[in-house]
Protein chains: 2
Amino acid sequence: MNFKEKQSFYIKLIEEKLANSVAVDNPYYTSLKEAMLYSLTAGGKRLRPTLALATGEIFGTEPGEVIAFACAIEMIHTYSLIHDDLPAMDNDDYRRGKLTNHKMFGEAMAILAGDALLNLAYETMLRDALAGSSMAKLRAMEAVARYAGARGMIGGQVIDLQGEGRKVDSQELAAMHRLKTGALIKAPVEAAAIISGAGEEQLSVLSNYAANLGLAFQIKDDILDVEGSMEEMGKRPGNDAVCNKSTYITLYGLEQSKRMLQEVTDEGIAFLEGFGSKADFLRELARALVRRSN
Amino acid sequence: MNFKEKQSFYIKLIEEKLANSVAVDNPYYTSLKEAMLYSLTAGGKRLRPTLALATGEIFGTEPGEVIAFACAIEMIHTYSLIHDDLPAMDNDDYRRGKLTNHKMFGEAMAILAGDALLNLAYETMLRDALAGSSMAKLRAMEAVARYAGARGMIGGQVIDLQGEGRKVDSQELAAMHRLKTGALIKAPVEAAAIISGAGEEQLSVLSNYAANLGLAFQIKDDILDVEGSMEEMGKRPGNDAVCNKSTYITLYGLEQSKRMLQEVTDEGIAFLEGFGSKADFLRELARALVRRSN
């Protein structure tokens, strides 16, 4: 399989698993399942679960061994988007070309659907770890929890929140992205590596690759917010400027941001050298993220 | 130690552990820790963690073996209160005699502090299970996750949400309480029993005790909302009526509700027979909840 074929193969696996992951079956609250699935199956790049599957394959780990964690991390990502879009937060009406969760189901339900997705992520990982009586999966789960929490993604969301409407320096912006976006991109890579029995050295270089990928992802997002179109992105571009947010563009300008994007990506790819051709997919994925238009 | 002394001993352990549980130390977001601790250390009855410690003691399990799970469940309870109090949900200004989280820190921070507490609950349990390489704790965590999620507490919150402003029948009200309050009262009892190596039969009777305790707790809450005072409860009584909520009082009347409270409590206590005097604390706790004024 070439890169595109393998990517499609991964995404198909992920979409199927996600669509069947919400096993809520109660006549009194069918709407909760609907709200959870609405955002969970809204498409998107599926970058995080793809990273988990691809990292597993470096070690010859079957997708089935990693898919539960892959989907759990996508659930965490999805809940964070639902809560981020709320009126009290970014107040977005559209996400991935569809109405945001609270626009469809109301604010209260969106809050609860987000909560339920975060909890479902842990239920999913716990059931998977229990089924295999796996201590490695317990360790992987601990890594995911750390990256998802107050010292990871949520910490980044708080920095973001506190930076609105004031000038943020490059150090604070870097800390914000490392946590808000970077943490949950490291999570699938490290979790899959731990499940695959990676050594400390392998875990460390993969984590560095993921950190660079996360940073590149964010720089590209900021570029797209200036250069992208509503059609391609499925949401309104120029939103950062409207919200008066500090971005790579406001700090470094468009041209230097583009150079940084390329440098950070190349550096990330360089970390994979020791894995030879087994890491080709991860290399190509990093390059594809530079080229993306949404 | 008599009941009161033992209860104080448990609560002291719990308060200490909770106060030291938020290890977020980042200059960019000290306010997150503040918001999390504000609600986590706001007092309250500490019913859920107390239940975990007391259930452990039936089996001779040291409090130290159960305290992490006890506090994790209190974190889950606390996050659910923060989100429940939000303007889009119950829109409460006071909780336990203090301003609600969003009134103190703003809505966005309250949403994130709630998310962070839910996540911290899992981080806490995971670290504890990892430290002991404990498969029993993995199983206990799975039970907690099930009771906290869409098929448990959150499912109950959704039923509650959908019942506002319309007449709810007794079956739906029972389902709502079984999930919204009952699930997270079962969680500490079952988790502690699993950690303690309880057999299926023991687990089942303890679960039945907890189910009755949860139901009694809810009936008493409804009674207090009619009979209680702002001073004693730390929040505005009569809120159910204002919100046009269906309660045990609206369905059965005050007198029958009081009879039901006593019956349900007695039945719960009866489940503990096989444990002899070891379960005295759990019996006394059930009786204390009937007498409580807040």
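Is A:Ser31 buried or exposed? At 14% relative accessibility, A:Ser31 counts as buried. Here buried means under 20% relative accessible area, exposed means over 50%, and partly exposed lies in between (1.4 Å probe, protein chains only). The structure is a predicted model: local features need pLDDT of at least 70, side-chain atom pairs count only at pLDDT 80 or more, and totals for chains, interfaces and linings use all residues. Residues are numbered from 1 along each chain as its sequence is written, chains are lettered from A and ligands numbered from 1 in the order in which they are written, and side-chain values use heavy atoms, with hydrogens and water left out.

A:Ser31 sits in helix H2 of chain A. Helices (H or I, at least four residues) and strands (E, at least two) are DSSP runs, numbered from the N terminus. Leaving aside residues up to four places away in sequence, A:Ser31 touches A:Met109, B:Val158 and B:Gln162. Contact means heavy atoms within 4.5 Å. A:Ser31 and A:Gly165 are 134 residues apart in sequence. Their C-alpha atoms are 36 Å apart in space.

The interface was examined next. In chain B, 52 residues are in contact with 52 residues of chain A. The size of an interface is often given as the accessible area lost when the parts come together. The area buried between chain B and chain A is about 4,700 Å². Carbon and sulfur atoms give 73% of this area. Buried area is the accessible area (1.4 Å probe) that two parts lose on being put together, summed over both.

Between chain B and chain A the count is 2 salt bridges. A salt bridge is a side-chain nitrogen of Lys or Arg within 4 Å of a carboxyl oxygen of Asp or Glu. A:Glu123 and B:Arg151 form a salt bridge through their side chains, at 3.0 Å from N to O.

On chain B, the elements that give two or more residues to the side touching chain A are helices H2 (30–40), H4 (63–85), H6 (107–131), H7 (135–148), H8 (153–163) and H9 (170–195). H6(B) provides the largest share, 15 residues. By class, this side of chain B has 32 nonpolar, 11 polar and 9 charged residues. Ala, Val, Leu, Ile, Met, Phe, Trp, Tyr, Cys and Pro count as nonpolar, Asp, Glu, Lys and Arg as charged, and the others, Gly among them, as polar.

Among the buried residues are B:Met153, B:Val158 and B:Asp160. Their cover includes helices H2 (30–40) and H6 (107–131) of chain A, together with H4, H7 and H9 of chain B. Just after H8(B), B:Gly165 takes a positive phi of about 75°. In chain A, A:Asp160 lies in helix H8. A:Asp160 is buried, with a relative accessible area of 9%. Not counting residues up to four places away in sequence, A:Asp160 touches A:Met176, A:Lys180 and A:Lys245.

A search of the whole structure finds 38 salt bridges over all chains. B:Asp84 pairs with B:Lys180, the closest N and O atoms being 3.6 Å apart. This pair links distant parts of the chain, 96 residues apart: B:Asp84 is in helix H4 and B:Lys180 in helix H9 of chain B. Both B:Asp84 and B:Lys180 are buried. B:Arg146 forms a salt bridge with B:Glu142 at 3.1 Å between the closest N and O atoms. B:Arg146 is partly exposed at 28%, whereas B:Glu142 is buried at 13%.
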